[in-house]
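Me: I would like to go through this model by asking what each description rests on. Here it is.

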Amino acid sequence: MAQKTQDKIEELPEIYSDFEKSVYEYKKSATCKIGCAYCCIYVGNVDITTMEGIVIQNRLETFEKKLKANIRKKLDKNKAERERGVLARCAFLKEEDNTCLIYDIRPFSCRRIYSIKQCNQSQPVVHRQAIELADYTISKLQQLDDTGYSGHMSFILYLLDKSGFRKAYLGGKFNPGKIMNFGKSHGIIINRSVKPKSLSFNNNLGLSHLL
Ligand code: SF4
């Protein structure tokens, strides 16, 4: 069963890549640049699935001791901030240059966001079709992770740090009752309880249908 979860994790890059292909024409007009980390700081909700959490946790384990301890401290801070409803600067955002420590394996929450206007004190401006394509992709990620959950990165990583939870999850066991109290108070979504989404438009429309 553990192998089955691992097999499913290997499908994540293809889902990300399908999304990138589907939004390619929209993203062409993005103003995003390396080091502009507005959405890693001020947008606040980096939600992930448990499956994405395993990928991030595995990467975290490869970091050297001091960096790992530093990230763990920041994740605890993120958790406390989100519990108070405060926007949290992502724990994986480097202080020196505002780049991402886990860019190649970043979760879908980060991949879906771009902006066609500079974000300076405003939310990113995204094409509505890209928003729908992103929602559709989230639905696919949740279906793939059907024994898992979705929620803020610091909350999902907190759950996965509990060896009992991680072991049960990787073993394919599904028991939401075990995390019911934490799940309710932290807005955790049970992936299999989310109705699958479909697209309301044909995505071969080109740039004339922006916004
Ligand atoms: S994981 Fe990386 S891209 Fe995503 S919010 Fe954090 S620093 Fe930004």
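Me: What covers the buried residues of H8?

Reply: This is a predicted model, in which local features need pLDDT of at least 70, side-chain atom pairs count only at pLDDT 80 or more, and totals for chains, interfaces and linings use all residues. Residues are numbered from 1 along each chain as its sequence is written. The cover includes helices H2 (12-22), H3 (24-27) and H7 (108-111), together with strands E1 (47-49) and E2 (149-152); helices (H or I, at least four residues) and strands (E, at least two) are DSSP runs numbered from the N terminus.

Me: Which residues of H8 are called buried?

Reply: Gln 129, Ala 130, Leu 133, Thr 137, Ile 138, Leu 141 and Gln 142 are, the criterion being 20 or more other C-beta atoms, placed from the backbone, within 10 Å of the residue's own.

Me: Why is H5 called roughly perpendicular to H9?

Reply: The axes of H5 (residues 50-62) and H9 (residues 153-160) come within 9 Å and cross at roughly 75°. That makes H5 roughly perpendicular to H9, a term for angles of 65 to 115 degrees.

Me: Which residues make the contact?

Reply: Thr 50, Gly 53, Ile 54, Ile 56 and Gln 57 of H5 meet Ile 156, Leu 157 and Leu 160 of H9, contact being C-beta atoms, placed from the backbone, within 7 Å. In H5, the buried residues include Thr 50, Gly 53, Ile 54 and Ile 56.

Notes. Axes fitted to C-alpha atoms, helices over the stretch in contact; angles between N-to-C directions. Parallel < 35°, antiparallel > 145°, perpendicular 65-115°, else oblique. Contact = placed C-beta atoms within 7 Å. Buried ≥ 20, exposed ≤ 12 C-beta atoms within 10 Å, placed from the backbone.
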